[in-house]
Amino acid sequence: MDLGATVCLARVPRCGVCPLAADCPSRDRRYEPLRKQSRFEGSFRQRRAATLRLVAASARRVADLDSDAVAALERDGLVTVEAGLVSLPA
Ligand code: SF4
């Protein structure tokens, strides 16, 4: 039995059926995620994704793309920039 996948779920632990419940210090506690991801629409993630889609379709000139998104993608190793041309890594 995989307790982490079937019983001790972070948002809704099933302590009532858990074999560890008698000695568990976290019994009947719920832990909400500490951070919620912001909306994708209008986010920088959306700009990065749109830029990466364009580059994946074909190499593009840096000047024709969102320069901040290109810089972030390059930092993460998802694109390469050579002679003003952005492409996927070889
Ligand atoms: S008793 Fe403890 S280990 Fe079992 S489901 Fe609840 S929190 Fe998880």
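In what order do the elements of the protein run from the N terminus on?

## Overall architecture

In this predicted model, the elements of the protein follow the order α-α-β-α-β-β from the N terminus on, which corresponds to 3 helices and 3 strands.

The radius of gyration of the protein is 22 Å, whereas a compact globule of 90 residues would have a value near 12 Å. Along the principal axes, the C-alpha atoms of the protein fill a box of roughly 65 × 30 × 20 Å.

## Domains

The domain assignment of the protein gives two stretches, with domain 1 covering residues 1–32 and domain 2 covering residues 44–87. The centres of domain 1 and domain 2, taken over C-alpha atoms, are separated by 44 Å.

## Packing of α2 against α3

Helix α2, which spans residues 44–57, packs with helix α3, which spans residues 67–75, at an angle of about 80°, and their axes lie 9 Å apart. Because angles of 65 to 115 degrees count as roughly perpendicular, α2 is roughly perpendicular to α3.

On the α2 side, the contact is made by R47, R48, T51 and L52, while α3 contributes A69, V70, A72 and L73. Divided by class, this contact of α2 with α3 has 5 nonpolar residues, together with 1 polar and 2 charged residues.

## Surroundings of the ligand

Which residues are found around the ligand? They are V7, C8, P13, R14, C15, C18, L20, A21, C24, S26 and R27. The shell that these residues form around the ligand divides into 8 nonpolar, 1 polar and 2 charged residues.

Definitions and conventions
Residues are numbered from 1 along each chain as its sequence is written. This is a predicted model: local features need pLDDT of at least 70, side-chain atom pairs count only at pLDDT 80 or more; totals for chains, interfaces and linings use all residues. Axes are lines fitted to C-alpha atoms, for helices over the stretch in contact, and angles run from 0 to 180 degrees between N-to-C directions. Helices (H or I, at least four residues) and strands (E, at least two) are DSSP runs, numbered from the N terminus. Angles under 35 degrees count as roughly parallel, over 145 as roughly antiparallel, 65 to 115 as roughly perpendicular and the rest as oblique. Two residues are in contact if their C-beta atoms, placed from the backbone, lie within 7 Å. Ala, Val, Leu, Ile, Met, Phe, Trp, Tyr, Cys and Pro count as nonpolar, Asp, Glu, Lys and Arg as charged, and the others, Gly among them, as polar. A residue is near a molecule or strand if its C-beta atom, placed from the backbone, lies within 6 Å of it. Domain bounds come from an automatic or database domain assignment. The radius of gyration is taken over C-alpha atoms; the globule rule is 2.2 Å times the number of residues to the power 0.38.
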